[in-house]
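Thanks, everyone. Please have a look at the model on the screen, and then I will go through it.

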Amino acid sequence: MKEITAMSAMTVAEKIKAKELSVQEVVEAQLKAIKLREPLYNSYITITENEAKEQAIKVQGQIDNGELKDSPLAGVPVAIKDNICTRGIKTTCASKMLADFVPAYDATVTERLKKSGAILIGKVNLDEFAMGGTTKTSYFGETKNPWNRDHTPGGSSGGSSAAVAAEEAFISLGSDTGGSIRQPAAYCGLVGFKPTYGTVSRYGLIPLASSLDQIGPLGRNISDCASILELISGYDPKDSTSIKQGRYNYRSALVDDVKNMKIGVPKLYLDEDLDEDIRSCFLGALKTFEDMGAKVELFDLDEIRHSVQAYYVISCAEASSNLSRYDGVRYGHRTGDYDGLDELYKKSRGEGFGYEVKRRIMLGAYMLSSDKYEAYYNKARRIRTIISKTYDEAFNKYDILLSPESPNTAPLLSDDYSSSKNKQKSEILNVSVNLAGLPAVSIPCGKDRKGLPIGLQLIGKKFGEKALIQAAYSFEQTRPYERPGTLVN
Amino acid sequence: MKISKESFHNIADMVKLSFKEEEKLKLIKDLNHTVEFIETMNDMNTDSQEPMSYIHNLKNVFREDVASNAKAGQGLHENAPESMSDYYVVPPIFHD
């Protein structure tokens with residue numbers, strides 16, 4: 001039999017159902033792989049070994065009773081990004097500020113996964129407060145890419161991507177504010193799904209930018225992602241921005257058929273300064289869709305060209321407001337030496353936050369100050385309106401849009417990524433999707449000459465998840481999942 | 001330079017952040033660089049556009065006022081750096 005941890009989440013769930021594997025066996029195999037590989041990759045901040053073992057016994061009982069017969073992932077170990085609250089288990093946001101924070105409640109997604117019999121195996125690394133694209137700003141050290149340890153796994157959900165690629169988890173949850181699920185998925189050769197804003201409850205997700213954040217899965221194939229998405233989606237009275245929809249039977253869209261599907265390719269993306277390997281892989285992917293019967297057409301989407309600027313303003317403004325809650329009083333780091341309340345605030349925050357977090361708070365506060373508000377914040381929000389309308393118009397013509405996920409493959413960890421030109425380019429491909437609240441998925445579409453994975457981004461209209469799943473599934477049939485060749489056993 | 005040392009201090013004071021000296025210099029440079037980039041958005045005419053807050057048209061959500069989650073507050077104090085029974089402890093705010 002194939003190594004347990006190398007199987008897809010769905011395959012393992014089916015084997016557990018068929019009694020070919022027990023939940024305990026699967027959890028033990030997963031913990032063994034984590035112990036073996038974690039020193040190499042540093043995907044996890046917290047490994048919940050004891051809780052997972054206890055949960056395994058409980059879930060096996062529920063499966064034996066027939067209680068979980070309709071749950072697609074019962075008994076499957078799942079890793080959760082460490083900015084999603086887990087009751088009684090540290091949730092750090094990879095920050096010194098929350099290094100010892102233990103939530104008194106579960107996020108709605110955590111609660112839903114537990115109810116469906118998924119096993120929480122650990123909390124995975126990220127950039128501090130999800131601000132970054134490399135995990136390099138994590139207080140707990142950087143994560144390494146399982147395809148090549150000298151390279152970043154991407155970010156901010158870099159622990160989520162590395163854990164799944166290194167087979168230290170079958171599937172994981174990440175969060176996406178400006179590409180933080182899709183980019184790490186692309187860098188690690190995985191599927192990363194960012195749902196329509198409002199599809200998955202944000203209750204218990206420690207906020208970065210509330211109007212942009214969405215939780216979603218990273219997995220080794222689209223079927224695994226569709227399954228877990230079905231479990232975590234749905235209206236939640238605890239999140240006033242969650243949307244009431246009908247059924248979320250995403251698995252029904254796992255159909256190999258893109259005949260006559262209308263696919264738009266924004267020229268703007270092709271004009272970008274793409275790596276040569278990415279360009280040829282992307283053009284190859286377009287040809288694959290055409291060969292499968294889809295109608296692929298280039299079109300102009302120039303109106304989104306200022307997405308990155310608008311994103312910087314809006315996300316930093318919201319972040320500066322959201323992060324005002326860390327005051328050294330109710331939770332989080334408190335400085336040891338202070339004179340009066342004002343100094344307690346300033347020193348606690350000054351010590352607790354890293355450079356990038358402070359940079360964004362400062363920028364956001366500047367943009368929101370009364371004499372700058374109209375020129376920056378409102379200007380950005382007006383541009384956001386244009387971006388949203390532009391996409392709506394595009395979807396009058398096309399079923400889905402295609403773009404490269406990133407103009408480059410995973411950079412070296414030693415690169416000064418924060419100041420590189422590539423960062424800005426990478427964000428153009430990602431942030432406009434969040435500003436318009438659209439669903440998008442990154443799927444593997446090849447490798448560059450260094451052997452690093454390349455991602456293809458599929459963008460859908462609001463609540464158009466099923467078209468994305470169908471297109472991703474069809475493409476996947478031509479290109480089955482490939483694991484990193486370097487994994488130690 | 002849009003953000004001078006003085007305006008940097010004002011903002012830092014407003015958002016309650018302390019900085020090391022070398023951090024300040026780097027950040028002032030960084031912020032000005034970013035603001036300069038952001039201003040390139042000004043070439044887009046947005047006069048007829050309304051500012052967007054959320055992508056869905058949010059309406060107030062009402063429900064019956066039924067008490068629930070009675071235990072929601074429990075355990076929250078355990079994360080406080082300093083607390084006493086049900087209270088958070090802070091340094092004195094009023095002085096003689």
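I will take the domains, then a pocket, then the contact between the chains.

First, some ground rules. This is a predicted model, where local features need pLDDT of at least 70 and side-chain atom pairs count only at pLDDT 80 or more, while totals for chains, interfaces and linings use all residues. Residues are numbered from 1 along each chain as its sequence is written, chains are lettered from A and ligands numbered from 1 in the order in which they are written, and side-chain values use heavy atoms, with hydrogens and water left out.

Chain A is assigned domain 1 (4-260 + 401-477) and domain 2 (307-380); such bounds come from an automatic or database domain assignment. Their contact (heavy atoms within 4.5 Å) takes 25 residues from domain 1 of chain A and 25 residues from domain 2 of chain A. The C-alpha centres of these two domains lie 27 Å apart.

What is the count of salt bridges between domain 1 of chain A and domain 2 of chain A? It is 0, taking a salt bridge as a side-chain nitrogen of Lys or Arg within 4 Å of a carboxyl oxygen of Asp or Glu.

Now the second largest pocket. A pocket here is an open set of points on a 1 Å grid over the protein atoms alone, where a 1.4 Å probe fits, with protein on both sides within 12 Å along at least five of seven lines; lining residues have an atom within 4 Å of a point. The second largest pocket holds about 480 Å³ of space, a volume being the space filled by probe spheres set on the points, which are joined across faces, edges and corners. It is lined by 23 residues, and Cys85(A), Tyr105(A), Pro207(A), Arg325(A) and Tyr331(A) are the closest to its centre. Why does the second largest pocket lie between domain 1 and domain 2 of chain A? Because both domains give residues to its lining.

Finally, the two chains. Chain B puts 52 residues into the contact and chain A puts in 68 residues. Between chain B and chain A the count is 5 salt bridges. Lys346(A) forms a salt bridge with Asp13(B), with the closest N and O atoms 2.4 Å apart.
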